[in-house]
Amino acid sequence: MMFDPARLDQLSNASVLVIGDVMLDRYFIGDTNRISPEAPVPVVRIGHTEDRAGGAANVARNIAHLDGKASLLGIIGNDSDGRLLQDLLVQEKVHSELLSLNDARTISKTRILSRHQQMVRLDMEDTFAESQSEQLSEHFTRLVQQYDTVILSDYAKGTLASVRKLIDTARAAGKRVLVDPKTKDFSKYRGATIITPNLTEFRAAGGDDSSEEAMLASARNILNTAGIEIMLLTRSEQGMSLITPDEHHHFPAEVLEVSDVTGAGDTVIATLGTLLSAGFELSDAAWLANLAAGIVVAKLGAATVSPEELAAKASHQLSSKNSGYHPSTEQSLLHIDYARQQGERIVFTNGCFDILHAGHVRYLAQARALGDRLVVGLNSDASVRRLKGDERPVNNLEDRMEVLAALACVDWVIPFGDTQEENDTPEQLIRRVQPQVLAKGGDYTVDTVVGADFVQENGGEVAILPTLEGRSTTGLIDKVRG
């Protein structure tokens, strides 16, 4: 995967039109210390209340928080909840084109929360009539040309009763259409570009998740039967699967602790639509949408993600030992540069690290302790032969990189010295990495460390670290030879 976190600066170029069931989400939050004497229920002492835009409106606010241009179409009642929702959307920088009707009631959901747990939810809603949906459809036709991407957020409340007409209109205008479904008959969304069901919705539509093979086969059958191009299947703790007729990608769940799954699906489709509208590749957009979901479920209530949060998560995941991702030199340099922009202190060291031993591990841990991220410059096989003789290295470059990258203290491993013109020193690499700290072990002095002048001239420092007595690769080789 070739991804530069700095590209998230381009999200302001995205323009997305959201249409669907809008709601007012109201939260009553307080502490619980006793059971009611009137009934066997907890008593929640309300400390504060909070109102948020929910449903399709939450999709739009997620887009706005990602710096995308978001417009929202939906139906509200001519009531206090509708007016409050419109005020919230102004605060969230969402352009709303809500249809306010005297014969409708604004959908609202009230949640009682205590100690970061939802105790009960109270829904006030009526299903909108098809005639009311038709009025919205006419408005959609006038607006759709102004946007790159259309998101249909279906909560089965009647707003999208004319969904096939909306999809046909959008596709005729050359727009991609993303759908968050709420019906077991996905053919209702025929013509859509991408559909984003969760597991429950997938099973209801005839999907089989008993195995990976069954899941892929049934998903492709659903796509073919329903006339939809792509499926992004959200699979809870199993992550997400991006499925097309010809290929698939699986993204493992990226969350440490789940606080509240409310609105996670909204975040997924909002992130996906925003990134596609900004020109991201489909696989990159799906991967980032998965990361965004991991961020919001760790928050309380229907939450959003900022570009900064998403970029930090992406940068961290790309350098994670568990990601299965091995960046090229250019990709590593991009990630290092972004980490430095985020205020992280970059430490650089280098060596052959042929047979990794306790002395190496202790030294690398000490180097990492000097900053936030550690870059290890690693001599190529040709460079090691020139320095150590034809019988070295014992382990080839790929093996040495893999072993080093597996250490918790090492963030990036970058080879150097493929050609003799590089002089078997990391001078050029140090100039490209631009570390704040240059670490070296052994009997060196600051004035004999390659790259020290460059680092110090740029405001950095050079650290000479002690080595572990009696531990060396040469000594290990001599010991084995007997």
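User: Why does Asn 198 count as partly exposed?

Analyst: This is a predicted model, in which local features need pLDDT of at least 70 and side-chain atom pairs count only at pLDDT 80 or more, while totals for chains, interfaces and linings use all residues. Residues are numbered from 1 along each chain as its sequence is written, and side-chain values use heavy atoms, with hydrogens and water left out. Buried means under 20% relative accessible area, exposed over 50%, and partly exposed in between, with a 1.4 Å probe and protein chains only. Asn 198 has 30% relative accessibility and therefore counts as partly exposed.

User: What surrounds Asn 198, and which residues does it touch?

Analyst: Asn 198 sits in the loop between strand E10 (194-195) and helix H5 (199-204), where helices (H or I, at least four residues) and strands (E, at least two) are DSSP runs numbered from the N terminus. Contact means heavy atoms within 4.5 Å, and, not counting residues up to four places away in sequence, Asn 198 touches Leu 233 and Thr 234. A polar atom of the Asn 198 side chain also lies 3.1 Å from the backbone nitrogen of Thr 200.

User: What makes the link between Arg 392 and Asp 354 a polar contact?

Analyst: A polar contact is a pair of N or O atoms within 3.5 Å; within protein, one must be able to donate a hydrogen and the other to accept it, and residues adjacent in sequence count only if both atoms are side-chain atoms. The side chains of Arg 392 and Asp 354 are joined by such a contact, of 2.7 Å. Arg 392 lies in the loop between helix H12 (381-388) and helix H13 (397-405), and at 10% relative accessibility it counts as buried.

User: How is the packing of H7 and H8 described, and which residues make the contact?

Analyst: Two packed helices are described by the angle between their axes and the distance between the axes. The axes are lines fitted to C-alpha atoms, for helices over the stretch in contact, and angles run from 0 to 180 degrees between N-to-C directions. For helix H7 (residues 264-277) and helix H8 (residues 282-296), the axes come within 8 Å and cross at roughly 145°. The residues in contact include Thr 267, Leu 272 and Leu 276 of H7 and Leu 282, Ala 289 and Val 296 of H8.

User: What is meant by a nonpolar core here, and which residues have the most contacts inside the largest one?

Analyst: A nonpolar core is a set of buried Ala, Val, Leu, Ile, Met, Phe, Trp, Tyr and Cys residues joined through side-chain atoms within 4.5 Å. The largest has 55 residues, and Val 18, Leu 72, Leu 272 and Leu 288 have the most contacts inside it. H8 supplies the largest share of this core, 10 residues. A second, separate core of 40 residues includes Met 23, Phe 140, Ala 173 and Ala 219.

User: Why is His 116 called exposed?

Analyst: His 116 has 55% relative accessibility, and therefore counts as exposed. This residue lies in the loop between strand E6 (107-114) and strand E7 (117-124).
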